[in-house]
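Please work through the exercises below with the model in view. Each task is followed by a solution in steps.

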Amino acid sequence: MLTALLALPAAAADLDLPAIMEMLAAVPAAKESFVESKRSALLSAPLVLTGTLVYVRPDRLEKHVLSPYKEDTVIAGGAVSIDNRTLKQKRYFSLSSSSEVTALIEGMRATLAGDTAALERHYAIRLAGTQDAWLMTLTPRDEKLAALVARIRIAGARARLKRIEVDESSGDQSAMLIGPEAP
Amino acid sequence: MTPSGRGAIAAWLILIAGCGYWLTQRLVLTTDMSAFLPPAATEAQEILIGQLRSGVASRLLLIGLDGAGEADLARASSGMTDRLARSGQFETVSNGDASRAARDLERLAALRYALSPGVVPEAFTAEGLRTALQESLALLASPVGAQFRATLPQDPTGELRRLARLFARPGGPSTRHGVWFSADGKRALLIAETRAPGFDLDAQVKAIALIRRAYAEVAPAGAQLRLAGPGLVAVTARATVESDAKRSSAIATIGILLLLLFVYRSPFPVIFSALPAASGLLAGMTGVSLWFGQVHGITAGFAAILIGEAVDYPTYLYAQAGRTEPLAATLGRIGATLRLAVLTTACGALSMLFSSFNGLAQLGFLTIVGVIVAGLVTRWVLPALTPAGILQRKMPLPRFELPPPGRLTARAAWPAVVVVACIAALTIARNDRLWDDDLANLTPQPAGMRALDRELRSQLGAPDPRHLVIVTAADRESVLRRSERVARTLDAEVASGDIAGYELAAHILPSARTQEKRRAALPDAATLTANLEKAMAGLPFRPGVFAPFLADVERARSQPPLTPENLRGSAIGARVASLLFADAHGWVALAPISGVRDAGALAAALGASGEPGVLLLDLKREADSLVAGYRAEALRLFGIGLACIAALVFAGLRSLPATARVLAPVLAAALLDVATLSVAGVQLTLFHLVALLLVVGVGTNYALFFNQPQPGRGARALMLLSLAVASLATLISALALSGSGTPVLRAIGMTVAIGTVYALTLSALLAPRAYRGLID
């Protein structure tokens, strides 16, 4: 099913980026469950995380990992806090300290916000599919960012994100499934 | 010509030739304004002034780029940084580019087990490693995991992350397009640190030119370069002082020549009148250059005043010479007064010679040598040189006459005393507003430049801290160990909220003992491998993935300790150099404290720790005490100069009432001068007092001549003419200086100009009483 979603037919006539972004921008807040599978050359088996994602317009994004450990990541404006409750460790940093980190986070947050300008600052955007099943491919504009991420693919249906795949330049890969389909 | 006249001319020619040779071949001009700063009374002040002259702060040039789009400015910022870094003139060039910081970190990565405070024995046990691996796993899967992925195999314990946190400058500017920008995004920001110290102005000129050239090569259309920093201020100051000194000397010379031409109606007396001043100036500058090794720009600027003063002497001689009278006869009449006039000015300057400020001593030296040589040339060379009859076409005698004896003075004396006393009282009452407390005002610096400096500094998040802890010890290792002990006290102060934070060189460059302790915390290869294997059990890491970690730890176990040399050329190295350096007494570590909430508690905690060689420095209080010392010095010099002049006048006149009559108008003039400046909103500096001494010296000359017995109306009129010309000459040179852009020169010029007018007027008003007693 996932493969089918990613291999959508070429752009239908009624699909354009502003239309999708406008729909996304109309969502005031969203809360969904997720399952994320991280594959890495450093790991002998994929690491599977489950939890919930929360988005509140305009710039608040929360990722609550519930298993295999408990960790709350809160991105609000330019501030990022990661609170690992299992290890009892808190970490804070500012997005202004690194444009790569900003780009990594904006890939998801600016899409949720429907903020084309913020997204285009870091990525070239390609859109395919229909309004009910679209696929956005983000390619880094900046070479420093390209050293970290090869591309990000976001699949959605109208104003809902359904799947985010990040292909890192190292060959590592993470695939996040969002919404009720997530087990 | 008499033999003594020939001898005088020969000696004079030799002097001029010698001085001329020296000045053209060997003159070194400086503009280091710290020559006019008070000397340090304490070690803390010494450190403070040393830092001002050559510390890292003195080598920073702050650069702003604005007026174009964000992306263009960011590109220009990177382009400039590359070019400046390649030039080799800069220790570091920073523009906030994270990849540069990353390169710094990469260079130091091999040293992380010596540098990171996380290196303790517990971190390398099976339990410690397990916690670190769990943390690494979560980080890898976090939204920012891609950033840490590359270094994870070599650094599962996160020492590099700790280093990055340690090296991050707190409160720095924000980043846009990967480089530093002001908060509003309108200005890209850079910091360049020159290799040369701040006082090496030729090197600073070169560095500034490099910045301007690099900017010109990369500037986007419409952009503007904003430059600030101590080096720029000093270089601008030198240019201003140099051009001011040249301009005011030229204006004074031309003005005075025109005046003399008007009076004598013939070029020859004018040329001869210029000889004493020119000789005095040559000899004075040569003397300063020989004695001090270099001539300060301010001293050279002061020369203009000296011209005005030294031109008075031949004027007294020529103007008072009767139409047919030989100069020898005139000298017989006025010689004693002339000698006293020269000596009073020299004496007033004598006190400056003993000043602890090098710059003031130079001014004093120049004045003393200058007026004495000018006096000698007037007394011995001019009579031998001046052909008879060249003073024939002198300007017709002035029509003005003194007020009839006694009429004005007798009635006005007491009210005048009351008025002057009132002004004195008012001036003293304004004492708190009388003084300029800002040492920075000494340096010629356009107001805009100071504002820009402050603006860039605050945008770069580098405000000057007010509180500093100074740790001193005999050698580097001791000062670092002591710093580490002080850090425990400071950490407690941070925890209790008395202070917000602090910076410490020992945090970046630990003492050799601490590094040794960290090395000892690293287990041997077999132990570490076993511990790691135990820690990895049950975690999804691929076996063998941490081989680089095992190799790095093993290498770190035999690494020699880190020294500042390892840090050279990195931004971190520059920061260590700014916080840790050797001085005349040993080694010094500075710990700037930020957010001091309770300075008393901090001082008490530092005192209670009982650690010797630790000092809490309140920069504001130190600056205040420097200024207080500076005022005390100024007043002391003024008092001594005044006493010298008074003693000399008494020695010359041998009469207490006569001395009082000479000094009264002069002192009143000085007082009115201060009152006028104060009312005009000028705040006094040491230089106003120096100028005031000059006013007293020159004014005493006027009063002396007014009080000199004159044989009849004709001689009196000639005396009046000479005084009018002399005071006009002084006024011209003083006005030439008061138009200067250099605060010091302007202060001197204004004070002398105002004082001359008062001194002449008051001397004239008070003189007739003397006439009655002495002549009629």
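Predicted model: local features only at pLDDT ≥ 70, side-chain atom pairs only at ≥ 80, totals over all residues.

Residues are numbered from 1 along each chain as its sequence is written, while chains are lettered from A and ligands numbered from 1 in the order in which they are written.

**Exercise 1. Describe the make-up of each chain.**

Step 1. Count the elements, taking helices (H or I, at least four residues) and strands (E, at least two) as DSSP runs numbered from the N terminus. Chain A has five helices and eleven strands; chain B has 32 helices and 13 strands.

Step 2. Find the buried share. A residue is buried if 20 or more other C-beta atoms, placed from the backbone, lie within 10 Å of its own, exposed if 12 or fewer, and partly exposed in between. Of the 183 residues in chain A, 35% are buried; for the 776 residues of chain B the figure is 47%.

Step 3. Look at contacts, which need C-beta atoms, placed from the backbone, within 7 Å. In chain B, 82% of the contacts between residues at least 6 apart in sequence join residues at least 24 apart.

**Exercise 2. Check the span of helix 10 of chain B and find its buried face.**

Step 1. The expected span is 1.5 Å times one less than the number of residues. Helix 10 of chain B (residues 201-218) has 18 residues and should therefore span 26 Å, which agrees with the 26 Å between its end C-alpha atoms.

Step 2. Its buried residues are Q204(B), A207(B), L210(B), I211(B), A214(B) and Y215(B). Seen down the axis of helix 10 of chain B, they fall within an arc of 130°, so they line one face. The arc is taken over the directions from the helix axis to the C-beta atoms.

Step 3. The face turned away from the buried side carries the exposed residues D202(B), A209(B), A216(B) and E217(B). The cover over the buried residues includes strand 2 (60-66) and helix 11 (230-264) of chain B.

**Exercise 3. How do helix 28 and helix 30 of chain B pack?**

Step 1. Helix 28 (residues 619-653) and helix 30 (residues 686-706) of chain B pack at an angle of about 10°, with axes 9 Å apart. Because angles under 35 degrees count as roughly parallel, helix 28 of chain B is roughly parallel to helix 30 of chain B.

Step 2. Among the residues that meet are Y630(B) and F638(B) in helix 28 of chain B, and L689(B) and V696(B) in helix 30 of chain B. The contact divides into twelve nonpolar, three polar and no charged residues.

**Exercise 4. How many residues does each chain give to the contact?**

Step 1. Chain A gives 30 residues and chain B gives 26.

Step 2. Helix 3 of chain A gives the most to the side of chain A that touches chain B, with five residues.

Definitions and conventions:
Contact = placed C-beta atoms within 7 Å. Axes fitted to C-alpha atoms, helices over the stretch in contact; angles between N-to-C directions. Parallel < 35°, antiparallel > 145°, perpendicular 65-115°, else oblique. Nonpolar A, V, L, I, M, F, W, Y, C, P; charged D, E, K, R; others polar.
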